[in-house]
Amino acid sequence: MQQGDQVRIGTGSVSAFTIVSVDENAHSAIIEPIADAPGKYPFPVKLTNLVSAM
């Protein structure tokens, strides 16, 4: 997974996110929601929890 990829958190997730940055050393990424919404903010998540949204 790399910056700009669209992902979901787990296989049952409905919401889609964009990867803002990836930290391979920490095995994590900063993601943010694709949809505009009040309170939209980037947050960290482990790479193992992400699946491709495509």
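Visitor: What makes Phe43 count as buried, partly exposed or exposed?

Guide: Its relative accessibility is 23%, so Phe43 counts as partly exposed. The cut-offs are these: buried is under 20% relative accessible area, exposed is over 50%, and partly exposed is in between, with a 1.4 Å probe and protein chains only. A word on the background: this is a predicted model, where local features need pLDDT of at least 70, side-chain atom pairs count only at pLDDT 80 or more, and totals for chains, interfaces and linings use all residues. Residues are numbered from 1 along each chain as its sequence is written, and side-chain values use heavy atoms, with hydrogens and water left out.

Visitor: And how do you know whether Phe17 is buried or exposed?

Guide: Phe17 comes out at 9% relative accessibility, so it counts as buried. For the protein as a whole, 19% of the 54 residues count as buried.

Visitor: How many aromatic pairs are there?

Guide: Two. Rings of Phe, Tyr and Trp (its six-membered ring) pair if their centres lie within 6.5 Å; planes under 30 degrees apart are stacked, over 60 edge-to-face, and the rest tilted.

Visitor: Why is the pair of Phe17 and Phe43 called what it is?

Guide: The ring centres are 5.7 Å apart and the planes stand at 90°, so the pair is edge-to-face. Phe17 sits in strand β2 (residues 17–23) and Phe43 in strand β4 (residues 43–46), so the pair ties together parts 26 residues apart in sequence.

Visitor: How do you know which way β2 and β3 run, and how many bridges join them?

Guide: They run antiparallel, with six bridges between them. Two strands pair if DSSP finds at least two bridges, so these two qualify. One example is Thr18, whose partner in β3 is Glu32. On to β3 and β4: four bridges join them, again antiparallel, and Ile30 has Pro44 as its partner in β4.

Visitor: What stands out about His27?

Guide: His27 has a positive phi of about 55° although it is not a glycine. It takes that angle in the hairpin of β2 and β3, which has four residues between the strands.

Visitor: Which residues make up the largest nonpolar core?

Guide: There are eight: Val7, Phe17, Ile19, Ala29, Ile31, Val45, Leu47 and Leu50. Such a core is a set of buried Ala, Val, Leu, Ile, Met, Phe, Trp, Tyr and Cys residues joined through side-chain atoms within 4.5 Å. The elements giving two or more residues to this core are β2 and β3 (28–33).

Visitor: What does Val7 touch, leaving aside neighbours within four places in sequence?

Guide: Its contacts (heavy atoms within 4.5 Å) include Phe17, Ile19, Ile31 and Leu50.

Visitor: Last one: why does the radius of gyration agree with a compact globule?

Guide: The rule, over C-alpha atoms, is 2.2 Å times the number of residues to the power 0.38. For 54 residues a compact globule would be near 10 Å, and the protein has 10 Å, so the two agree.
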